[in-house]
Amino acid sequence: MNGNAGTDSSATSPGAEELVDQLLDAPGNAETTEERILQAAAEQVEDFGLRRFTIDDVARRVGVSRVTVYRYFPKKNRLIEALVLHEMRRFLRAVEEATRSCATLEERLVEGFVFGLLYLRQHRLLRRLLRSEPELILPALTTEGERVLAAGREFIARFAREEAAAGRLPLDDEEIQAVSELLTRAVLSFVVTPHSVLDLETPEGIRHFAEHYLAATLRGILALRDSRGS
């Protein structure tokens with residue numbers, strides 16, 4: 001592809017690789033106090049939203065003192081930020097597990113899209129915020145969603161780079177990131193704005209879209225490269 005056209009997307013967004021490493025490598029032991037606090041925080045937001053979210057309420061759910069919560073998360077905003085990363089980690093690990101047996105990148109693309117969209121649409125915390133406090137969550141997924149977009153793009157790009165390194169995907173890194181961003185943006189768009197002329201209400205409809213449009217886009221890029229002899 002022409003590297004002079006538009007923004008240089010070949011450069012990974014600052015911190016994207018480190019963020020994905022952190023999300024996938026961090027331990028998820030449900031028995032630790034920190035994990036119990038994060039789980040209680042998620043349940044508190046699911047039940048009452050972010051506006052009525054307090055450290056005292058979280059402490060009561062866990063059965064510890066507010067001092068203990070502050071020892072792990074000195075400020076409410078720090079706890080909310082940690083909760084976002086916690087839920088992102090759960091999501092990426094779930095997608096990774098759901099696509100582990102896929103033999104090709106195209107299969108992973110389809111299975112990952114189907115699983116990811118269904119997972120996020122059924123996510124209680126996300127659904128609660130989109131329904132009752134959209135002004136608090138939408139910026140993090142749209143106008144201020146660079147970090148989420150970068151993490152999703154890097155997560156998908158890792159699989160594509162593995163295929164490229166093995167000689168099974170003749171794309172350069174700029175093209176890999178472009179395809180990865182396309183898929184990430186598609187998932188975010190259909191989560192934030194679910195109403196569509198497309199049949200995306202059922203797993204079968206979502207799979208049809210992924211196979212006939214997203215996977216076809218990847219095949220089209222590969223065919224274009226072949227026709228140009230690149």
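Leu105 is buried, with a relative accessible area of 13%, where buried means under 20% relative accessible area, exposed over 50%, and partly exposed in between, for a 1.4 Å probe and protein chains only. Leu105 belongs to helix H6 (residues 105–121); helices (H or I, at least four residues) and strands (E, at least two) are DSSP runs numbered from the N terminus. Between Leu105 and Gln177, 72 residues apart along the chain, the C-alpha atoms are separated by 14 Å. The model is predicted, so local features need pLDDT of at least 70 and side-chain atom pairs count only at pLDDT 80 or more, while totals for chains, interfaces and linings use all residues. Residues are numbered from 1 along each chain as its sequence is written, and side-chain values use heavy atoms, with hydrogens and water left out.

The unreviewed UniProt entry annotates residues 31–91 as "domain: HTH tetR-type". UniProt positions are given in the numbering used here, feature names are shortened, and annotations may be inferred rather than shown by experiment. Over residues 31–91 the chain is 77% helix and 0% strand, and 20 Å separates the end C-alpha atoms of this stretch.

Helix H5 (residues 76–98) has 23 residues. From its first C-alpha to its last, H5 reaches 33 Å, close to the 33 Å expected at 1.5 Å a residue; the expected span is 1.5 Å times one less than the number of residues. Buried residues of H5 include Leu79, Leu83, Met88, Phe91 and Leu92. His86, Glu87 and Arg89 of H5 are also buried.

The structure holds 20 salt bridges, a salt bridge being a side-chain nitrogen of Lys or Arg within 4 Å of a carboxyl oxygen of Asp or Glu. One of them is formed by Arg66 and Asp56, whose closest N and O atoms are 2.5 Å apart. This pair links distant parts of the chain, with Arg66 in helix H4 (residues 66–72) and Asp56 in helix H3 (residues 55–62), 10 residues apart. Arg66 counts as partly exposed because its relative accessibility is 41%. Asp56, at 31%, is likewise partly exposed.

Glu154 takes part in a salt bridge with Arg158, the closest N and O atoms being 3.4 Å apart. Both residues lie in helix H9 (residues 146–165), 4 residues apart, about one turn of the helix. Glu154 is buried, with a relative accessible area of 3%, whereas Arg158 is partly exposed at 23%. A salt bridge also joins the side chains of Glu154 and Arg161 (3.2 Å, N to O), and Arg161 is partly exposed, with a relative accessible area of 23%. Through salt bridges that share partners, Asp21, Glu154, Arg158, Arg161 and Asp173 form one network.

The structure holds 1 cavity of 30 Å³ or more. A cavity is a set of points, on a 1 Å grid over the protein atoms alone, where a 1.4 Å probe fits but cannot get out, and lining residues have an atom within 4 Å of a point. The largest cavity has a volume of about 40 Å³, the volume being the space filled by probe spheres set on the points. Its lining consists of Leu109, Val179, Leu182, Leu183, Leu214, Thr217 and Leu218. Helix H10 (173–192) and helix H11 (203–228) are the elements that give two or more residues to this lining. The lining residues divide into 6 nonpolar, 1 polar and no charged. Ala, Val, Leu, Ile, Met, Phe, Trp, Tyr, Cys and Pro count as nonpolar, Asp, Glu, Lys and Arg as charged, and the others, Gly among them, as polar.

Technical notes:
On a 1 Å grid over the protein atoms alone, a cavity is a set of points where a 1.4 Å probe fits but cannot get out, and a pocket is an open set with protein on both sides within 12 Å along at least five of seven lines; lining residues have an atom within 4 Å of a point.
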